[in-house]
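Trainee: Could we look at how two chains meet in a model, one step at a time?

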Amino acid sequence: MKLTQAMTYKWLQLFVQDIQKNQAHLNELDTAIGDGDHGTNMVRGMEQVSKILSQSQDQKVSDLLKQVAFALISKVGGASGPLYGTAFLEMSKYLQNQDDDLASVINAGALGIKRRGQVNGGEKTMYDIWQPVAADLQQQQFNQANLDSHLQATLNLEATKGRASYLGERSQGHLDPGAQSSTILFTDLLQVLN
Amino acid sequence: MKYGILIVSHVPEIAQGVAQLVAQAAPDISITYTGGTEEGQLGSSFELIQQAVQQNQGAEILAFYDLGSSKMNLEMVQETTTKVIHKFDVALVEGAYTAGTLAQIDSSWTTISQSLKKLQLRK
């Protein structure tokens with residue numbers, strides 16, 4: 001499956017809307033095990049993404065994702081700025097240098113998060129969503145049930161990266177806000193694909 | 001000047017305070033710092049770090065930070081600048097102070113990096 005221009009615009013529009021809708025929930029999750037601002041930070045980034053989307057409707061997907069990456073890097077702050085920013089930048093680079101195969105593009109994003117966050121999986125971070133989603137796409141098993149189960153699988157993990165790691169085992173039983181916002185991103189992708 | 005020092009914190013006052021402390025031991029060293037976001041909130045900002053790097057007078061920069069997102073933003077700046085930035089995963093206060101003291105007396109890279117190795121944290 002290919003990541004087309006029309007899909008990308010629609011996907012990002014949905015992401016902007018759904019992050020705004022879930023701002024309070026993301027802040028709540030982050031209050032429990034972090035610094036309480038994931039929703040606010042992401043919304044700040046989304047305001048900029050929204051401007052980019054309305055400026056032009058026919059950008060090359062790689063250019064669009066690159067602009068989104070820089071918006072997130074400069075506006076989001078916190079750890080999610082550089083993490084989402086790197087993911088979108090790597091996706092942009094993959095499209096620019098390789099091809100537009102959706103599974104490979106998402107995989108490039110996941111690898112960006114792995115590198116930036118220095119994670120390998122199982123640390124209770126957004127990578128625990130990105131990595132299995134990339135694998136699901138590769139194996140044509142990308143669906144809502146699998147996506148939900150990836151998020152649920154992070155619930156009882158002990159955070160060993162990021163601000164939640166300072167809580168040690170007390171982080172168990174809480175959802176990671178980055179994993180939740182990434183689940184929103186991929187729920188939106190599913191909606192576009194369907 | 002061979003080395004400059006860069007302090008990155010989530011809190012403006014921490015960044016400023018550490019820079020103040022280091023300046024006492026390193027009056028001739030260029031020390032630039034940034035803390036918090038552009039809105040003055042707690043956090044870290046790619047653009048503010050970029051500015052602090054540009055303002056630094058050192059030929060090479062010895063960089064110190066506090067928590068995770070300072071590190072990631074610092075790394076992104078490192079990847080996008082032509083300046084040489086050495087990032088140290090060490091205790092912020094003790095690391096920056098050690099580096100400042102040693103840079104002030106023109107210590108070699110080997111001396112500086114080996115002294116900092118002792119202050120390494122898993123961060």
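Mentor: Gladly! Buried area is the accessible area, taken with a 1.4 Å probe, that two parts lose on being put together, summed over both. Keep in mind that this model is predicted.

Trainee: How much area do chain B and chain A bury between them?
Mentor: Start with the contacts: 15 residues of chain B are in contact with 16 residues of chain A. Of the area buried between the chains, 52% is on carbon and sulfur atoms. The total is about 1,400 Å².

Trainee: Which residues in chain B lose the most area to chain A?
Mentor: Three residues stand out, together giving 37% of what that side buries. They are Leu67(B), Met72(B) and Met76(B).

Trainee: Which residue forms a salt bridge with Arg115(A)?
Mentor: The count between chain B and chain A is 3 salt bridges. A salt bridge needs a side-chain nitrogen of Lys or Arg within 4 Å of a carboxyl oxygen of Asp or Glu. Here the closest N and O atoms are 3.1 Å apart, so the pair qualifies, and the partner of Arg115(A) is Glu79(B).

Trainee: Which element gives the most to the side of chain B that touches chain A?
Mentor: Two elements give two or more residues to that side, helix H2 (46-55) and helix H3 (68-80) of chain B. With 7 residues, the one that gives the most is H3(B).

Trainee: What is the volume of the largest cavity?
Mentor: A search of the whole structure finds 1 cavity of 30 Å³ or more. Among the residues closest to its centre are Ser74(A) and Glu38(B). Its volume is about 90 Å³.

Technical notes. Residues are numbered from 1 along each chain as its sequence is written. Chains are lettered from A and ligands numbered from 1 in the order in which they are written. This is a predicted model: local features need pLDDT of at least 70, side-chain atom pairs count only at pLDDT 80 or more; totals for chains, interfaces and linings use all residues. Side-chain values use heavy atoms; hydrogens and water are left out. Contact means heavy atoms within 4.5 Å. Helices (H or I, at least four residues) and strands (E, at least two) are DSSP runs, numbered from the N terminus. On a 1 Å grid over the protein atoms alone, a cavity is a set of points where a 1.4 Å probe fits but cannot get out, and a pocket is an open set with protein on both sides within 12 Å along at least five of seven lines; lining residues have an atom within 4 Å of a point. Grid points are joined across faces, edges and corners, and a volume is the space filled by probe spheres set on the points.
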